[in-house]
Amino acid sequence: MHKTLRALENGIRDWIKTWNDPSPFTWTKTADEILERLASYLDRIPGAGH
């Protein structure tokens with residue numbers, strides 16, 4: 001628990017330094033593969049309709 005605003009700000013900045021990954025995201029699947037997978041999920045959700 002942070003007792004001051006400064007402590008909270010420092011905690012947030014430390015978290016960002018540790019967990020922020022500025023490297024670009026690289027897609028590993030094609031758009032068609034992603035859409036096929038999404039369609040299979042929607043097929044399993046009652047009333048999702050698409």
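With a relative accessibility of 40%, I16 is partly exposed in this predicted model, and the residue lies in helix α1. I16 also takes part in a nonpolar surface patch, to which L5, L8, I12, W15 and W19 contribute as well, and the area of this patch is about 680 Å².

Charged side chains were examined next. Side chains of opposite charge can pair when their charged atoms come close. One salt bridge was counted in the model, and this contact joins the side chains of R6 and E9, with a nitrogen-to-oxygen distance of 3.5 Å, which falls inside the limit of 4 Å that defines such a bridge. Both partners belong to helix α1, which spans residues 5-19, and because R6 and E9 are three residues apart there, about one helical turn separates them. As for solvent accessibility, R6 is exposed, its relative accessible area being 56%, while E9, at 28% relative accessibility, is classed as partly exposed.

Aromatic contacts were considered last. A pair of aromatic rings is described by the distance of the centres and the angle of the planes. The structure contains one aromatic pair, formed by F25 and W27, whose ring centres are 5.0 Å apart and whose planes make an angle of 80°, an arrangement that is edge-to-face.

Definitions and conventions. Residues numbered from 1 in each chain as written. Predicted model: local features only at pLDDT ≥ 70, side-chain atom pairs only at ≥ 80, totals over all residues. Heavy atoms only, no water. Helix = DSSP H or I, 4+ residues; strand = E, 2+ residues; numbered from the N terminus. Buried < 20%, exposed > 50% of the residue type's maximum accessible area, 1.4 Å probe, protein only. Patch = residues over 30% accessible without salt bridge, like charges linked within 9 Å, V, L, I, M, F, W, Y side chains within 5 Å. Areas by Shrake-Rupley, 256 points an atom, 1.4 Å probe, with all protein chains shown as cover. Phe/Tyr/Trp six-rings, centres within 6.5 Å; stacked < 30°, edge-to-face > 60°.
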